[in-house]
Amino acid sequence: MWTARQTAQFLDSIRRHRLYAAYHLIALRGLRRGEAAGLRWCDVDLDGKSAVISQQLQQYDGRLAVCPPKTPHSVRVIALDRTTVAALAGHRDRQRAEAAAYGPGYRDSGYVFTCLNGDPMAPDRLTRTFKKLTALARLPPIRLHDLRHGAASLALSAGVELKVVQEMPGHSSIVLTADTYTSVLPDAAHAAAEKVAALIIKAGCLVPGTRPRGHARRTRPARAREAVPGASGPADQPPAPPAPHPPAMTSPRW
């Protein structure tokens, strides 16, 4: 999988491509390629910042077929962040311009990601185009499916709760999510733990053995020892213990 910097580099390099929104959606929201290909405009609510994943497109014997998502749990509603909403809105404007330029032969299929004539786009084409764009961006080659996995990894690294991450890619079990992203969980868990500790410290409870961040440890200057009058040792040696007092004299009894 790519790092956050590599993902950003890829998206920036393809920002003018007609399928930018498709890869943006997969990279940030974790859609499968068949789910992205099967997304329709009637499934997308840009004002409500959400999209319903209710079907996918698959290719059999060279023909596209509408299929249910991979598992029952894959039927889901995903939240859209403001950048994804902007990407989809810009894609919709581009699609309308393409339809006008194509002319009367344009077929309005209702799908979000289409060919230039308006027909739905095959998932394989999304994969082939992704490989070409990755090479042009001079990034390490990964599968399009890895871009989907990267979305969940980025969410975990950002501190998103594991249960929320499970819902995003449509995993059937939280155990599956944990097993898939084990390498990301320790960093995310430690980051969450530090946030909780910072909250307690900010509230005024400094745990023994710690100190507020940004505060350098203060060292107390050593106090010079005073010389003991009559002592033969140096001034930094401990003073000799005092001599015992002689026993008190008492008058003899006659």
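Trainee: In which helix is the place of A89, and which residue has a C-alpha atom separated from that of A89 by 7.5 Å?

Mentor: In this predicted model, A89 has its place in helix α4. With a relative accessible area of 23%, A89 is partly exposed. Its C-alpha atom is separated by 7.5 Å from that of a residue 43 positions away along the chain, namely L46.

Trainee: R94 also has a place in a helix. Which residues is R94 in contact with, leaving aside its neighbours within four places in sequence?

Mentor: R94 belongs to helix α4 and is partly exposed, at a relative accessible area of 32%. Leaving aside neighbours within four places in sequence, the contacts of R94 are R16, H17 and R18.

Trainee: Is H91 buried or exposed, and what is its relative accessible area?

Mentor: H91 is placed in helix α4. Neighbours within four places in sequence aside, H91 is in contact with R18, A21, W41, V112 and F113. The cut-off for a buried residue is a relative accessible area under 20%. H91 therefore counts as buried, its value being 8%.

Trainee: How are the axes of α2 and helix α4 oriented, roughly parallel or roughly antiparallel?

Mentor: The axes of α2 and helix α4 (residues 82-102) come within 9 Å and cross at roughly 160°. Angles over 145 degrees count as roughly antiparallel. The orientation of α2 to α4 is therefore roughly antiparallel.

Trainee: Which residues of α4 meet α2, and what is the handedness of the crossing?

Mentor: On the α2 side, the residues are Y20, A21, H24, L25, L28 and R29. Their partners in α4 are T83, T84, A87, L88 and H91. By class, this contact of α2 with α4 has six nonpolar, four polar and one charged residues. As α2 passes α4, the crossing is left-handed.

Trainee: At what angle do helix α1 and helix α2 pack, and how are they oriented to each other?

Mentor: Helix α1 covers residues 4-13 and helix α2 residues 20-29, and their axes are 10 Å apart. The packing angle is about 165°. Because angles over 145 degrees count as roughly antiparallel, the orientation of α1 and α2 to each other is roughly antiparallel.

Trainee: Which residues in α1 meet α2, and how many charged residues does the contact have?

Mentor: α1 passes α2 in a left-handed crossing. T7, F10 and L11 are the residues on the α1 side, and they meet Y20, Y23, H24, A27 and L28 in α2. By class, the contact of α1 with α2 has six nonpolar and two polar residues, and the number of charged residues is none.

Trainee: Where does A137 lie, and which residues is A137 in contact with beyond its neighbours within four places in sequence?

Mentor: The loop between α5 (123-136) and α6 (144-157) holds A137, which is buried at a relative accessible area of 10%. The C-alpha atoms of A137 and F10 are separated by 6.2 Å, and the two residues are 127 residues apart along the chain. With neighbours within four places in sequence left aside, the contacts of A137 are Q9, F10 and S13.

Trainee: Is D61 buried or exposed, and what is its phi?

Mentor: D61 is found in the loop between β3 (56-60) and β4 (63-67). Its relative accessible area is 83%, and D61 is therefore exposed. D61 is not a glycine, and its phi is positive, at about 55°.

Trainee: How many helices and strands does the protein have, and in which order do the elements run?

Mentor: The secondary structure comprises nine helices and five strands. From the N terminus on, the order is α-α-α-β-β-β-β-β-α-α-α-α-α-α.

Trainee: What percentage of the residues of the protein count as buried?

Mentor: The protein exposes about 16800 Å², of which carbon and sulfur atoms supply 57%. Among contacts with a separation of 6 or more, 59% come from residues 24 or more positions apart. Of the 254 residues, the share that counts as buried is 35%.

Technical notes: Residues numbered from 1 in each chain as written. Predicted model: local features only at pLDDT ≥ 70, side-chain atom pairs only at ≥ 80, totals over all residues. Heavy atoms only, no water. Helix = DSSP H or I, 4+ residues; strand = E, 2+ residues; numbered from the N terminus. Buried < 20%, exposed > 50% of the residue type's maximum accessible area, 1.4 Å probe, protein only. Contact = heavy atoms within 4.5 Å. Areas by Shrake-Rupley, 256 points an atom, 1.4 Å probe, with all protein chains shown as cover. Axes fitted to C-alpha atoms, helices over the stretch in contact; angles between N-to-C directions. Parallel < 35°, antiparallel > 145°, perpendicular 65-115°, else oblique. Left-handed = near helix turned anticlockwise from the far one by under 90°. Nonpolar A, V, L, I, M, F, W, Y, C, P; charged D, E, K, R; others polar.
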